[in-house]
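Q: I have a model open and want to learn how to read it. Can we go through it feature by feature?

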Amino acid sequence: MPCNAEFGIIECLEPDKAYDASYEPEKYGCVSVDDDYLNDWWEKLSDLPTYFHNLSRPETGLARYGVTLIPPDSAREFAKIVASDPRLESTAELRPLLRILQTAASRRKFVIHYGV
(Lines give C-alpha, C1' and ligand atoms only; values in the text may rest on other atoms or scores of the structure.)
Protein backbone atom coordinates (compact mmCIF):
# COMPACT_ATOMS: atom_id res chain seq x y z
CA MET A 1 0.00 0.00 0.00
CA PRO A 2 1.55 3.33 -1.04
CA CYS A 3 1.96 6.26 1.32
CA ASN A 4 0.13 9.36 0.13
CA ALA A 5 0.30 13.03 1.02
CA GLU A 6 -2.60 15.37 0.39
CA PHE A 7 -2.69 18.96 -0.85
CA GLY A 8 -5.54 21.47 -0.95
CA ILE A 9 -6.29 25.19 -0.93
CA ILE A 10 -7.15 27.09 2.22
CA GLU A 11 -9.79 29.60 1.12
CA CYS A 12 -9.83 31.57 4.36
CA LEU A 13 -6.64 31.27 6.39
CA GLU A 14 -7.17 31.51 10.14
CA PRO A 15 -3.97 32.99 11.59
CA ASP A 16 -4.44 31.50 15.07
CA LYS A 17 -5.72 28.08 14.01
CA ALA A 18 -3.72 24.94 14.79
CA TYR A 19 -4.24 23.14 11.48
CA ASP A 20 -2.76 19.94 12.89
CA ALA A 21 -5.60 19.64 15.43
CA SER A 22 -7.95 18.12 12.85
CA TYR A 23 -7.77 16.23 9.58
CA GLU A 24 -10.07 17.90 7.02
CA PRO A 25 -8.96 17.04 3.46
CA GLU A 26 -12.51 17.38 2.08
CA LYS A 27 -12.81 20.93 3.44
CA TYR A 28 -9.78 22.00 1.40
CA GLY A 29 -10.49 19.97 -1.76
CA CYS A 30 -7.32 17.95 -1.30
CA VAL A 31 -5.75 15.77 -3.94
CA SER A 32 -3.67 12.75 -3.05
CA VAL A 33 -0.08 12.34 -4.26
CA ASP A 34 2.15 9.32 -3.81
CA ASP A 35 4.94 10.14 -1.38
CA ASP A 36 7.49 8.73 -3.84
CA TYR A 37 7.14 11.92 -5.92
CA LEU A 38 7.82 14.05 -2.86
CA ASN A 39 10.88 11.93 -2.12
CA ASP A 40 12.20 12.71 -5.59
CA TRP A 41 11.65 16.44 -5.05
CA TRP A 42 12.68 16.52 -1.38
CA GLU A 43 15.96 18.39 -1.81
CA LYS A 44 14.35 21.15 -3.87
CA LEU A 45 11.35 21.35 -1.54
CA SER A 46 13.58 21.68 1.52
CA ASP A 47 14.36 25.31 0.59
CA LEU A 48 10.72 26.49 0.36
CA PRO A 49 9.60 28.82 3.16
CA THR A 50 6.60 27.19 4.86
CA TYR A 51 4.90 26.85 8.25
CA PHE A 52 4.49 23.65 10.25
CA HIS A 53 1.03 23.17 11.80
CA ASN A 54 0.26 26.91 12.27
CA LEU A 55 1.53 30.36 11.34
CA SER A 56 3.60 30.69 14.51
CA ARG A 57 6.04 27.98 13.32
CA PRO A 58 7.97 29.21 10.28
CA GLU A 59 10.06 26.44 8.70
CA THR A 60 11.30 25.31 5.32
CA GLY A 61 10.19 22.30 3.33
CA LEU A 62 7.32 19.97 4.17
CA ALA A 63 6.37 18.38 7.48
CA ARG A 64 6.71 14.75 6.41
CA TYR A 65 4.27 13.39 9.03
CA GLY A 66 2.41 16.54 9.97
CA VAL A 67 0.65 19.52 8.45
CA THR A 68 2.40 22.14 6.35
CA LEU A 69 1.01 25.53 5.39
CA ILE A 70 2.52 26.62 2.09
CA PRO A 71 2.33 30.36 1.35
CA PRO A 72 1.45 31.59 -2.16
CA ASP A 73 5.02 32.42 -3.21
CA SER A 74 6.22 28.99 -2.10
CA ALA A 75 3.27 27.38 -3.90
CA ARG A 76 4.47 29.12 -7.07
CA GLU A 77 7.98 27.67 -6.61
CA PHE A 78 6.56 24.23 -5.78
CA ALA A 79 4.51 24.40 -9.00
CA LYS A 80 7.72 24.99 -10.96
CA ILE A 81 9.21 21.84 -9.43
CA VAL A 82 6.15 19.79 -10.39
CA ALA A 83 5.96 21.34 -13.87
CA SER A 84 9.59 20.45 -14.57
CA ASP A 85 9.10 16.78 -13.70
CA PRO A 86 9.19 14.71 -16.91
CA ARG A 87 6.50 12.40 -15.48
CA LEU A 88 3.92 15.19 -15.53
CA GLU A 89 2.55 14.34 -18.97
CA SER A 90 2.38 10.60 -18.38
CA THR A 91 1.09 10.61 -14.79
CA ALA A 92 -2.46 11.76 -14.16
CA GLU A 93 -1.74 12.06 -10.44
CA LEU A 94 0.57 15.06 -10.83
CA ARG A 95 -1.70 17.31 -12.90
CA PRO A 96 -4.25 17.93 -10.10
CA LEU A 97 -1.39 18.82 -7.73
CA LEU A 98 -0.01 21.28 -10.28
CA ARG A 99 -3.47 22.86 -10.71
CA ILE A 100 -3.84 23.32 -6.94
CA LEU A 101 -0.42 24.92 -6.62
CA GLN A 102 -0.91 27.24 -9.58
CA THR A 103 -4.43 28.22 -8.51
CA ALA A 104 -3.34 28.95 -4.96
CA ALA A 105 -0.39 31.02 -6.16
CA SER A 106 -2.46 33.06 -8.61
CA ARG A 107 -5.23 33.65 -6.06
CA ARG A 108 -2.73 34.40 -3.25
CA LYS A 109 -4.05 31.54 -1.10
CA PHE A 110 -2.18 29.14 1.15
CA VAL A 111 -1.90 25.44 0.34
CA ILE A 112 -2.35 22.89 3.09
CA HIS A 113 -0.29 19.71 3.01
CA TYR A 114 -1.19 16.67 5.09
CA GLY A 115 1.88 14.48 5.33
CA VAL A 116 1.90 10.73 5.22
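Q: Leaving aside its neighbours within four places in sequence, which residues is K17 in contact with?
A: First, a caution: this is a predicted model. Contact means heavy atoms within 4.5 Å. Beyond four places in sequence, K17 is in contact with E24, K27, Y28, H53 and N54.

Q: Where is K17 found?
A: Look in the loop between strand 1 (4-10) and strand 2 (31-34).

Q: Does K17 count as buried or exposed, and why?
A: Buried means under 20% relative accessible area. K17 counts as buried because its relative accessibility is 17%.

Q: Which side chains does a polar contact join to that of K17?
A: Look for pairs of N or O atoms within 3.5 Å. The side chains of K17 and E24 are joined by a polar contact of 3.2 Å. Another polar contact, of 3.3 Å, joins the side chains of K17 and Y28. E24 and Y28 are also among the contacts of K17 listed above.

Q: Now a helix. Which residues of helix 1 are buried?
A: Helix 1 covers residues 35-45. Its buried residues are D35, Y37, L38, W41 and L45. Seen down the helix axis, these buried residues fall within an arc of 120°, so they line one face of helix 1.

Q: Which residues are exposed on the other side of helix 1?
A: There you find D36, D40 and E43, which are exposed.

Q: What reaches the backbone nitrogen of D36 at the start of helix 1?
A: A side-chain oxygen of D34 does. That oxygen comes to within 2.7 Å of the D36 backbone nitrogen.

Q: Next, charged pairs. How many salt bridges does a search of the whole structure find?
A: A salt bridge needs a side-chain nitrogen of Lys or Arg within 4 Å of a carboxyl oxygen of Asp or Glu. The search finds 8.

Q: Which side chain meets that of R107 in a salt bridge?
A: The side chain of E11 does, at 2.6 Å from N to O. R107 lies in helix 3 and E11 in the loop between strand 1 and strand 2, so the pair ties together parts that are 96 residues apart in sequence. R107 counts as partly exposed, at 39% relative accessibility. E11 is partly exposed too, with a relative accessible area of 43%.

Q: Which residue forms a salt bridge with R87?
A: D40 does, and the closest N and O atoms are 2.7 Å apart. This pair links distant parts of the chain. R87 sits in the loop between helix 2 and helix 3, D40 in helix 1, 47 residues apart. R87 is partly exposed, with a relative accessible area of 26%. D40 is exposed, with a relative accessible area of 52%.

Q: Where do E77 and K80 lie?
A: Both lie in helix 2, 3 residues apart, about one turn of the helix. E77 is partly exposed, at 35% relative accessible area.

Q: Which residues do salt bridges that share partners join into one network?
A: Shared partners join D40, D85 and R87.

Q: Back to a strand residue. Where does V31 lie, and is V31 buried or exposed?
A: V31 lies in strand 2. V31 counts as buried, at 19% relative accessibility.

Q: Which residues does V31 touch, not counting residues up to four places away in sequence?
A: V31 touches A5, E6, F7, P96, L97 and I100.

Q: How many disulfides does the structure hold?
A: A disulfide is a covalent bond between the sulfur atoms of two cysteines. The structure holds 0. C12 is in no disulfide, and its nearest cysteine sulfur, that of C30, is 16 Å away.

Q: Are C12 and C30 buried or exposed?
A: C12 counts as exposed, at 59% relative accessibility. C30 counts as buried, at 19%.

Technical notes: Residues numbered from 1 in each chain as written. Predicted model: local features only at pLDDT ≥ 70, side-chain atom pairs only at ≥ 80, totals over all residues. Heavy atoms only, no water. Helix = DSSP H or I, 4+ residues; strand = E, 2+ residues; numbered from the N terminus. Buried < 20%, exposed > 50% of the residue type's maximum accessible area, 1.4 Å probe, protein only. Polar contact = N/O pair within 3.5 Å; in protein donor to acceptor, adjacent residues only side chain to side chain. Arc of directions from axis to C-beta. Disulfide = S-S within 2.5 Å.
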